[in-house]
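Here is a short note to read alongside the model. Take the points in order, and keep the structure in view.

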Amino acid sequence: MMREISYSEAIREAMCEEMRRDPSVFLMGEDVGVFGGVWGVSHDMLAEFGEERVRDTPISEIAIVGAGLGAAMMGMRPIAEIMFGDFLMCAGDQIVNQVAKARFMSGGKARVPLTIRVTSGAPGSAAAQHSQSPESWFMNIPGLKIVVPSTPADAKGLLKTAIRGDDPVIFLEHKMLYGDVGPVPEGENFLVPFGQANILREGKDVTIIGVSIMVKKALQAADILAKEGIEAEVIDIRTLVPLDKETLIKSVAKTNHVIIAHEAHKRAGPGAEIAAVLAEEAVEYLDGPIMRVAAKNVPLPYSPVLENYVLPDAGDIVDAAKAFWPGRK
Amino acid sequence: MTEYFHDFLLEIYRRMYLIREFELRAIEERRRGLIPGFIHSCVGQEATAVGACLALNQNDVITSTHRGHGHLLGKGGDPKFMMAELAARSTGYCRGRGGSLHIADFDLGILGANGIVGGGIPAAVGAALAFSLRKEKRVALSFFGDGATNQGSFHEAANLAAVWKLPVIFFCENNLYGEGTPQSKQAPLCDLANRSASYCFPGIVVDGNDPIAVYEATKNAVERARQGEGPTLIEGKTYRYRGHYEGDPQVYRLPGEMEEWLKRDPIPTFRKRLLEKGTSESQIKQIEEQVQRQLDEAVVFASSSPVPKVEDALAGVYADIHDGKVF
């Protein structure tokens with residue numbers, strides 16, 4: 001049996017393995033060293049790698065990302081941690097205008113192997129500035145790759161691919177997944193490629209495309225739907241850029257129904273892009289509307305009652321699926 | 001005052017003259033339709049570019065600005081490939097994808113001009129971090145204007161470089177105007193070099209129209225950086241003789257200001273200095289003619305180069321996706 005570790009440990013393992021095999025990899029960010037990361041992800045890494053390679057920074061997101069860019073262009077493979085996805089906006093120019101465009105603008109001269117690790121999602125009563133899912137903010141920016149792991153194994157394998165790749169990656173770690181435990185392959189050469197969605201459960205009636213934590217909720221919804229005779233196919237998107245259109249279209253061709261589930265706000269969230277792709281390239285397979293299950297279009301509230309109302313859950317996916325067959329009990 | 005080798009002084013003049021004439025040629029070629037994009041010329045600011053770049057080794061790196069042609073030429077950039085880039089040709093430094101604001105040549109340590117005010121400063125700190133981590137004795141120098149010292153990127157980068165004692169030189173070319181607004185309306189201090197006090201590293205004011213003064217200040221800062229003593233901020237006070245961009249009506253200039261600064265034009269001033277030091281008129285003429293020939297060739301090269309193939313627009317966004325099929 002494969003050993004099981006948490007999503008958080010899997011991320012730590014990916015970083016440690018890459019830092020051991022390649023001296024050009026290093027980690028920097030707010031409280032990543034002595035503190036071990038506010039989410040504990042980089043605990044004890046300082047002891048193994050020392051303060052040159054596990055670098056506590058000032059609370060300066062522009063400088064963290066910009067220094068990552070400069071070091072990457074000079075041949076290093078920095079992992080820059082931004083504590084909360086919400087704070088990416090502090091580094092907006094560096095990410096959008098500098099990091100994303102350096103290779104293209106320079107005619108291919110700049111190489112930017114920079115991994116920006118960042119937490120995303122609502123951890124519960126963290127309110128509107130510490131709970132956002134920022135993936136679609138950056139989907140409109142060519143030059144970035146956007147990775148949204150939902151399982152411990154993917155967290156490890158996708159992060160290692162990010163670190164070894166030559167392009168900038170925004171790697172989104174959902175805070176409510178850190179404690180999830182699952183089988184994770186050992187060995188430093190376990191990599192999960194970008195652009196390959198993962199079919200976690202096969203089904204013939206409806207395709208549920210999940211992003212990050214909503215994959216987990218999609219699996220819960222599929223269990224409930226199965227009891228009602230609806231067989232859902234659950235796909236973990238894994239990476240939003242590049243997007244594995246082929247797997248999605250193939251699944252929709254089989255099930256003729258699709259729901260896209262993500263925790264980001266519904267308006268212009270990642271589901272909007274996926275829905276548009278399916279509308280353009282798979283509309284002939286669809287027997288119903290493309291449905292999105294997502295956070296309502298309001299800032300995330302503090303009150304648990306309000307927050308639960310705004311966030312999507314498994315029940316919302318179940319409701320959306322059942323709505324395809326209104327006559328059915 | 002230090003005595004410099006004659007060849008070194010001639011090289012300063014050659015580079016300054018090349019920058020001045022490159023800019024005038026680019027402006028002319030834009031008027032004639034060869035260059036489609038806008039030009040922010042650095043006419044008047046040649047001494048800062050040349051003095052600072054001559055204090056660097058080839059494997060030291062710079063980040064530049066939207067007014068970056070001088071920095072690129074100062075660091076050894078080839079006017080042929082620059083002109084071709086301005087002309088949006090596939091032979092240009094960026095294959096026609098970047099234009100004036102984004103020229104880079106990694107072989108010469110030019111990490112890129114930049115369209116965002118202050119945008120390149122953090123990357124210089126990152127380059128210095130890479131050198132420091134690898135124990136290399138290289139330095140990074142970031143050029144930026146007075147306006148950039150009001151950007152968060154400058155302050156965050158300066159602070160981080162200070163905390164980590166990185167081998168970086170912050171070079172502020174103060175031309176008195178952030179686009180069209182005078183420094184007095186943008187910052188509460190006269191000498192922007194004093195900004196370094198907040199970060200506990202030296203801040204030096206130099207005459208930005210004197211390439212030797214700029215060279216000496218930069219040389220000292222580079223030495224400090226190589227010794228592991230951390231960053232320096234240098235403010236070169238200078239003036240741009242043309243608009244923020246070509247076509248800028250320059251309604252913001254104070255009366256008489258331009259005339260005063262023209263008296264201190266770095267090119268004729270340094271030329272005179274060379275003559276006084278015994279350089280012959282014919283030696284200088286020879287340099288000037290050689291530069292003019294180089295620029296003639298650059299224009300011919302640019303105008304006879306092919307435009308990019310349209311497929312090229314989809315390639316080169318990512319390292320491993322070449323056909324543009326990202327979505």
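1. Two strands count as paired if DSSP finds at least two bridges between them. Helices (H or I, at least four residues) and strands (E, at least two) are DSSP runs, numbered from the N terminus. With that in hand, look at chain A: an open sheet of five strands runs in the order S9-S11-S10-S13-S14, with mixed pairing. S9 (198-201) and S14 (291-295) of chain A each have a single partner strand, so one side of each is left without a neighbour in the sheet.

2. A word on the source. This is a predicted model, where local features need pLDDT of at least 70, side-chain atom pairs count only at pLDDT 80 or more, and totals for chains, interfaces and linings use all residues. Residues are numbered from 1 along each chain as its sequence is written, while chains are lettered from A and ligands numbered from 1 in the order in which they are written.

3. How do S10 and S11 of chain A pair? S10 (residues 206-210) and S11 (residues 232-236) pair in the parallel sense, over five bridges. Gly210(A) stands opposite Asp236(A) in S11(A).

4. Helix H8 (residues 213-227) of chain A lies across S9, S10, S11 and S13 (258-265) of chain A. H8(A) runs at about 170° to S11(A). Axes are lines fitted to C-alpha atoms, for helices over the stretch in contact, and angles run from 0 to 180 degrees between N-to-C directions.

5. Chain A is assigned domain 1 (4-183) and domain 2 (198-322); such bounds come from an automatic or database domain assignment. Their C-alpha centres lie 26 Å apart. 25 residues of domain 1 of chain A are in contact (C-beta atoms, placed from the backbone, within 7 Å) with 27 residues of domain 2 of chain A.

6. Now the two chains. 35 residues of chain B are in contact with 40 residues of chain A. Which helix gives the most to the side of chain B that touches chain A? H5(B) does, with nine residues.

7. One helix pair crosses between the chains. H3 (residues 61-73) of chain A and H6 (residues 152-163) of chain B pack at an angle of about 75°, with their axes 8 Å apart. That makes H3(A) roughly perpendicular to H6(B), because angles of 65 to 115 degrees count as such. Residues making the contact include Gly66(A) of H3(A) and Leu160(B) of H6(B).

Key. Parallel < 35°, antiparallel > 145°, perpendicular 65-115°, else oblique. Contact = placed C-beta atoms within 7 Å.
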